[in-house]
Each structure stands twice: as C-alpha cells, then as structure tokens.
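I am opening a notebook on a structure that is new to me. I will look things up one by one and write down what I find.

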Amino acid sequence: MNKLHLVLSATLTLIFWLSILGTNLAASAGTMAEIQQRGYLNMAVKDNLRPLAFRDAQGNLQGLEIDLAKQLANDLLGKAEAVKLQPVANSDRLPVVYNQQVDLAIARVTATESRSRIVSFSVPYYYDGAAIITKNSSLRELKDIGKSKIAVLNNSSTISYLKYFTPSAELVSVNSYAQGREKIENNQVDAFAADVSVLTGWVQAYPQYRILPIKLSAAPLSVVMPKGLQYDELRRKVNEAIARYTVTGWLRQRIEYWGLQ
C-alpha cells in the first residue's frame, strides 16, 4: 500500500470516528453572523488541566484557555460573558467541532497535519512540549540526567525525544501521571517526562517538584475551528484576535500569570 493510500485510509478512519463521537452535546454551531445574532459563543474546553483549564475551589472554570475563551468573546461579541463553556473529554475535542456541536474548541489541542484535514486550526496561542520533572536536587539540567531512571507514559511521543536527548537514561513505562508520581515518591525513578503544560500544574500542586529548564520538543496549541467557506469570517476574526494578543503582549502576560514556561 503506497503513502497516498495510507493517508486516505487514515483520514477516512478519523472521519468515521469523528462522526460517532462527541454525541453528548446538542448541535449548536454557527457562522459569524449566526453567532452575532445568537449573542454568545459555544466553546468546548477542558476542566481538569491546571493551569490551562480547571475548576477552582468554588467550582468556577479558570486557566489560560478560559481567559482566552473569554477574551475572544469580548472581541467578537463585545463582552467576556458572551460565551458558554462546555467541558469535554479528550476524545471529544475534535468531534464536537467537526459535528457542529460547538463553534470552537480551546482544549489543549495540538495542531497537526493529520488533524488539519478534518478541522481548521488558529494561529498558535501557546507552544507546549515535552519536559522533565523531578524532586531530585542533583538533577538541575539536562546534562545531569546521565543514567537516571525516567518514567514516561506508555506509547507517548515523548519517548522518542528522551531517546534522542537523554540516550543513556533508563526509561520506565507507566500508565498514568499518578503512577509516574508514585514511582518518584517510592524512589523507583528519578524523574518523569511529559508535556510541560501538565507538569506545570503538577508543580503548582506539589511545590517540592521542579521542571528542568529546557523543553525537549515544541507543539503548537491552537483553537479548533470548523472547515467550510461559510466559516471564513469566524476563522479570520479568531486568527486576527490571537495575532493581536501576541503582538500586544496580552498572551505572554496571561501565560506568565498562570506559571507556564
């Protein structure tokens, strides 16, 4: 099977799964004109990924992505409150846009070539990437890793970066972040590697941990937007707004506020 057939097969498979997932929300997506007439944005978000998007002690949604959702509502509709935030599972982040159940999704989605065949992506609002977290005081920089044991999620893309940047390290597979932390606490590994956005939330919850000051990779997080000519104005306004937030420094200020690298 040649490369074209493989790409076509993968795309058709993705379309199939998108068509049957994301069924927990009633269809409510619109063009820019329809959104303005309606008076609010329907936005898919996460609610368990501190500091990107999480619930505070009072149950209110907080985080960088929540700030961005409200800022977009303010720019597109004139008020930050003109947005309905709808928490979704990871598996539903693309389907709810593809199936026109929300207008947009800001839910820690990495823009990739394969995904861009199905949905559109905004210009990036944050560059995530793999990093290493530890509480071992002797590990200060990447060069200190040596033959240390590093826990990493099974089948994670982070594995290839670790093999490249820390070739002497012993990699230990784990099934979850909780299991990774458990192995560090039990002195079974020296560190854990995962996406820096998630590890930042870990450090905020457990201050005894530190993230080593280098990313092993870079992955653009973008707003998920629908394809189709009828959504051109919506996509243009979202892209112009995010570009403006970058130029004015608003995005950097919010990224720093939430403790992200």
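**Entry 1: the whole chain.** With that, I count nine helices and 15 strands in the protein chain. I note that this is a predicted model. I looked up burial next. The protein chain has 261 residues, and 46% of them count as buried. Of the contacts between residues at least 6 apart, 71% join residues at least 24 apart.

**Entry 2: the cores.** Which residues have the most contacts inside the largest nonpolar core? I find Leu68, Tyr125, Phe192, Val223 and Val238, in a core of 49 residues. Helix α3 gives the largest share of this core, seven residues. Another core lies apart from it, with 14 residues, including Ile145, Val152, Leu162 and Ala169. I keep a general remark beside this: in soluble globular proteins, nonpolar side chains tend to be buried together.

I then followed Tyr125. Leaving out neighbours within four places in sequence, I see Tyr125 in contact with Glu65 and Leu68, among others. The list for Tyr125 also includes Ile106, Ala107, Arg108, Val223 and Ile255.

**Entry 3: helix α3.** I tested the length of α3, residues 64-77. Its 14 residues should span 20 Å at 1.5 Å a residue, and the end C-alpha atoms are 20 Å apart, so the two agree. Which residues of α3 are buried? I list Leu64, Glu65, Ile66, Asp67, Leu68, Ala69, Leu72, Ala73 and Leu76. Just after α3 comes Gly78, with a positive phi of about 95°.

**Entry 4: helix α7.** Is α7 mostly covered or mostly uncovered? It is mostly covered: seven of the 10 residues in 196-205 are buried. They are Val196, Ser197, Val198, Leu199, Thr200, Gly201 and Trp202.

**Entry 5: salt bridges.** I count 12 salt bridges in the structure.

Glu185 pairs with Lys135, and their closest N and O atoms are 3.1 Å apart. This pair links distant parts of the chain: Glu185 is in helix α6, Lys135 is in the loop between β9 and β10 (149-153), and they are 50 residues apart. Glu185 has a relative accessible area of 30%, so I mark Glu185 as partly exposed. Lys135, at 33% relative accessibility, is partly exposed too.

Glu113 bridges to Arg117, with 4.0 Å between the closest N and O atoms. Glu113 counts as exposed because its relative accessibility is 63%. Arg117 is partly exposed, at 36%.

Arg252 and Glu256 meet through their side chains at 3.9 Å, N to O. Both sit in helix α9 (residues 250-257), four residues apart, about one turn of the helix. Arg252 has a relative accessible area of 57%, so I mark Arg252 as exposed. Elsewhere I see a network: shared partners join Arg108, Asp128 and Asp195 through salt bridges.

**Entry 6: a surface patch.** Which residues make the nonpolar surface patch of about 340 Å²? I find Tyr161, Tyr164 and Phe165. Phe165 belongs to helix α5 (residues 158-165). Phe165 is partly exposed, with a relative accessible area of 37%.

**Entry 7: Asp47.** Last, I looked up a loop residue. Asp47 lies between β1 (41-45) and β2. At 26% relative accessibility, Asp47 counts as partly exposed. Where exposure ends and burial begins matters for this call, so I note the cut-offs: buried is under 20%, exposed is over 50%. Beyond residues up to four places away, Asp47 touches Ala53, Phe54, Arg55, Leu61 and Pro87. Asp47 and Ala89 are 42 residues apart in sequence, and their C-alpha atoms are 9.1 Å apart in space.

Key: Residues are numbered from 1 along each chain as its sequence is written. This is a predicted model: local features need pLDDT of at least 70, side-chain atom pairs count only at pLDDT 80 or more; totals for chains, interfaces and linings use all residues. Side-chain values use heavy atoms; hydrogens and water are left out. Buried means under 20% relative accessible area, exposed over 50%, partly exposed in between (1.4 Å probe, protein chains only). Helices (H or I, at least four residues) and strands (E, at least two) are DSSP runs, numbered from the N terminus. The expected span of a helix is 1.5 Å times one less than its number of residues. Patches are made of residues with over 30% relative accessible area and no salt bridge: like charges are joined within 9 Å, nonpolar side chains (Val, Leu, Ile, Met, Phe, Trp, Tyr) within 5 Å. Accessible areas come from the Shrake-Rupley method with a 1.4 Å probe; for residues, only the protein chains shown count as cover. A nonpolar core is a set of buried Ala, Val, Leu, Ile, Met, Phe, Trp, Tyr and Cys residues joined through side-chain atoms within 4.5 Å. Contact means heavy atoms within 4.5 Å.
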